[in-house]
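Dear colleague,

I am handing over a structure for you to look at, with my notes set out below it. Please read them with the coordinates open beside you.

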Amino acid sequence: MDNHETWMKVALEEAKKAEAIGEVPIGAVLVKDNEVIARAHNRREIDQQALAHAEIAVINEACEKLGSWRLLGCTLYVTLEPCPMCAGAIVQSRIDKVVYGAADPKAGCAGTLMNLLNEPRFNHQTKVVAGCLEERCSSILTTFFRALRLRKKALK
């Protein structure tokens, strides 16, 4: 778990970058052979793109860097459990393992609402490790949304 925690801390750094630009603080990092291949954070509001999730950005960057759409041998670290779109992209890109921090009760598809990553009907399954640095990953999200609600309330 120690190595997982090391890489999740890198994903948390990305989440803080997202928070600094007013985005929901979610960060992701893709690791292969104990080396960071790609890192990214949410940019949906800045880019006004529905697909600008941290996981999608990190997958795109990794594919470009490795020169392949197959990300075999890679582990994705992400601060929030992947949504259905990101879970589908993870399966399609053949990522071996996903390690996530906070569960997502509204859209989590790595075990909370369903587990698309381990769906046996797909031609690829991805191992899942849940709850890595869960408290820290949850805390950054809770703090962000609390502050957002207070700002919205102050505007009324």
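I begin with Asp 47, which counts as partly exposed at 33% relative accessibility; here buried means under 20% relative accessible area, exposed means over 50%, and partly exposed lies in between, with a 1.4 Å probe and protein chains only. Asp 47 has its place in helix H2, residues 44-47, and its side chain meets that of Arg 43 in a salt bridge at 2.9 Å, N to O, where a salt bridge is a side-chain nitrogen of Lys or Arg within 4 Å of a carboxyl oxygen of Asp or Glu. Arg 43 is likewise partly exposed, at 31% relative accessibility. The C-alpha atoms of Asp 47 and Gly 88, which are 41 residues apart along the chain, are separated by 22 Å.

Before going further, a word on the source: this is a predicted model, in which local features need pLDDT of at least 70 and side-chain atom pairs count only at pLDDT 80 or more, while totals for chains, interfaces and linings use all residues. Residues are numbered from 1 along each chain as its sequence is written, and side-chain values use heavy atoms, with hydrogens and water left out.

As to the overall fold, the protein has five helices and five strands, taken as DSSP runs (helices H or I of at least four residues, strands E of at least two) and numbered from the N terminus. Read from the N terminus, the elements follow the order α-β-β-α-α-β-α-β-β-α. The radius of gyration is 15 Å, which agrees with the value near 15 Å for a compact globule of 156 residues; this radius is taken over C-alpha atoms, and the globule rule is 2.2 Å times the number of residues to the power 0.38. The C-alpha trace spans about 50 × 30 × 30 Å along its principal axes, and 45% of the 156 residues count as buried. Among contacts (heavy atoms within 4.5 Å) between residues at least 6 apart in sequence, 58% join residues at least 24 apart.

The structure holds five salt bridges, including the one at Asp 47 described above. Another joins the side chains of Arg 39 and Glu 13 at 3.0 Å, N to O. Arg 39 lies in strand S2 (residues 35-41) and Glu 13 in helix H1 (residues 2-20), so this pair ties together parts that are 26 residues apart in sequence. Both partners are partly exposed, Arg 39 with a relative accessible area of 31% and Glu 13 at 43%. These two residues also belong to a network of salt bridges that links Glu 13, Glu 14, Lys 17 and Arg 39.

A further salt bridge is formed by Glu 119 and Arg 121, whose closest N and O atoms are 2.6 Å apart. Here Glu 119 is buried, with a relative accessible area of 16%, whereas Arg 121 counts as exposed at 72%.

Lastly, helix H4 (residues 84-92) deserves a look, with Cys 86, Ala 87, Ala 89, Ile 90 and Val 91 buried in it. The cover over these buried residues includes helix H3 (54-66), strand S3 (74-80) and strand S4 (97-102). H4 is followed by Arg 94, which has a positive phi, near 65 degrees.
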